[in-house]
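Here's a quick tour of a two-chain model.

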Amino acid sequence: MIDFINLYLVPGLTIGSVYALGAVGISMIFGILRFAHFAHGDLMTIGGYGVLTAVWFIPIHPLLLLPFGMALAIVAALAVDRFFYRPLRQLPTIYTVIASFGVALIFRSLAQLFWSSGNQVFVPGVRPPVVLFDTFRISALHAQVIILTLIIAVALHFFLTRSKLGRAMRAVSDEPELASVAGLDTERVVRWTWVIGAALAAAAGVFAGMDTSMHPNLGWNLLLAMFAAAVLGGIGKPMGAIAGGLIIGIAEETVTYTWFGGEPLISPSYKSAVAFFIMVALLLFRPQGLFKGRLL
Amino acid sequence: MSALLSVAGLTAGYGGVPIIEDVNLDVAEHEIAVIIGPNGAGKSTLLKTVFALTSRSSGAVTFSGRDISGLRTAQLVPLGISMVPQSRNVFPTLTVDENLDVGTYAAPPGDKDAVRESVLSLFPDLRDKLAQPAGELSGGQRQMVAMGRALMSEPKLLLLDEPTAGLSPAYLEIIFDLLLNIRKRGVTILMVEQNAKQALRIADTGHVLVGGKNFVSGTGETLLADDSVRRSFLGGASA
């Protein structure tokens, strides 16, 4: 049982947090702009490298430098929206989807150009896990990631339900035409969607990069699991995306537990298939997701 | 009575194809004006053009003596115009209270709580439903949420696109009574309505639109008594 928590549940919650923070942006962007943003994984990568670079100049704990990564990701997102997505806004959304594939490649190539294609770590060396009550051995990073994600989730919930801007975002996501009729500034809502989506993507990128290492394909490799999380939570439902991310993260890790006998239920090499299995099953049997989101 | 809204020689449509041509219409302050006519006559297009939701090719719209022809919808709301579209007129996942709140964003009223209280006094049924998502309400209640949202910006002119569409006859009476109450509070109403006969009974003026052009205008009573109007648009002589 202790092994289950230490070696499966906590790592599952950690990777789940990464999926959750990435999926929030994917879900919100789909809700408001009606397109699947394929460059979201690479936006995470950009955010991760932003913090990596900041650590070179300011050698303190990388998580304290998160604002630098967020700022870089936000600037990148607003720039591609302005120059690539906005000119395509009036056309069918498939144009923007294809454009976002292109943007994904641009981001990845820029990351390779500026930061090389190799693996890089934020802080070298091995850190021993934190031992709680003599039984729980949890890496400090995992604890920090899970706590920060919970704080972000609570803050996001209050932002979306209490603040004027958050309610305007939900209104535009619900009925964009009525939002215009009500006189809401839709372009402002769109800009803030990018700001929030990019900031959370940057956090996810840093968490993922610190857990393993930074490399240009980091975000791209996580993209489809984040899409699965967004679909699971119900497209256009940011809080659903958080739940979806955590569920998929936990599912991926815990299927490799020795549930029956001494062998893992599913070999760890196949664990990334779990997210896709969940996504395909959902699209077939419950396409609106767990929290009654929009149909794709 | 001075005209609050004045439409002169308006030609507009979608993507360059005109739906309404050379339409003229005056709405006096504190009146209920209704636009009637057969399907496809351009009634909704006229209403949407006033609210800058279609592409206008010529003509002018004047509101409170000011030319508003070139303004965008988001600029018209703060001037005192609100609109309730015919369908999809509430934010379904937002609660009733949040729907009303969104109505204040484009033109924040001085005392939001007072305005909210006054809107709720018009629609007392909504008081128990404030925390409920608007999408879960009945059609009639949704129409009230939609009208409430539009009134939250304290408009001088309320544009309504078929407020009774799809509602039961019982709700028809309720909605028309509400319109009279809203007018009593000093709001001018311009609406498109399919239930022409009932609408003309509560309307001060009526405008019949046919094939995108003015057919005839007059007081509600005149139009109800007019033989050609009665035969063509009011379903026979039994008005």
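What follows covers the fold of chain A, a sheet in chain B, and the contact between them.

Keep in mind that this is a predicted model. Chain A has 11 helices and 2 strands, while in chain B we'll look at an open sheet of 6 strands. The two chains meet through 14 residues from chain A and 19 residues from chain B.

**Chain A: overall build**

- Going along the sequence, chain A reads α-α-α-α-β-β-α-α-α-α-α-α-α.
- The radius of gyration of chain A is 19 Å, close to the 19 Å that the globule rule gives for 296 residues, so chain A is as compact as a globular protein of that length.
- Along the principal axes, the C-alpha trace of chain A spans about 60 × 50 × 35 Å.
- As for burial, 49% of the 296 residues of chain A count as buried.
- If you take the contacts in chain A between residues at least 6 apart in sequence, 74% of them join residues at least 24 apart.

**Chain B: the sheet**

- The strand order in this open sheet of chain B is S6-S7-S8-S3-S9-S10, and the pairing is mixed.
- Strand S6 (81–84) and strand S10 (213–219) of chain B sit at the edges with a single partner strand each, so one side of each has no neighbour in the sheet.
- From one strand to the next, the twist averages 15°.
- Strand S3 (residues 32–36) and strand S8 (residues 188–192) of chain B run parallel and are joined by 4 bridges.
- To find your way around that pair, look for Ala33(B), which stands opposite Leu190(B) in S8(B).

**Chain B: helices on the sheet**

- Helix H5 (residues 139–151) of chain B packs on the sheet, where it touches S6 and strand S7 (157–161) of chain B. The direction of helix H5 of chain B makes about 165° with that of S6(B).
- Helix H6 (residues 169–184) of chain B lies across S3, S7 and S8 of chain B, and it runs at about 150° to S8(B).

**Where the chains meet**

- By residue type, the side of chain A that touches chain B divides into 6 nonpolar, 2 polar and 6 charged residues.

Note on methods. Residues are numbered from 1 along each chain as its sequence is written. Chains are lettered from A and ligands numbered from 1 in the order in which they are written. This is a predicted model: local features need pLDDT of at least 70, side-chain atom pairs count only at pLDDT 80 or more; totals for chains, interfaces and linings use all residues. Two residues are in contact if their C-beta atoms, placed from the backbone, lie within 7 Å. Ala, Val, Leu, Ile, Met, Phe, Trp, Tyr, Cys and Pro count as nonpolar, Asp, Glu, Lys and Arg as charged, and the others, Gly among them, as polar. The radius of gyration is taken over C-alpha atoms; the globule rule is 2.2 Å times the number of residues to the power 0.38. A residue is buried if 20 or more other C-beta atoms lie within 10 Å of its own, exposed if 12 or fewer, and partly exposed in between; C-beta atoms are placed from the backbone. Two strands pair if DSSP finds at least two bridges between them. Axes are lines fitted to C-alpha atoms, for helices over the stretch in contact, and angles run from 0 to 180 degrees between N-to-C directions.
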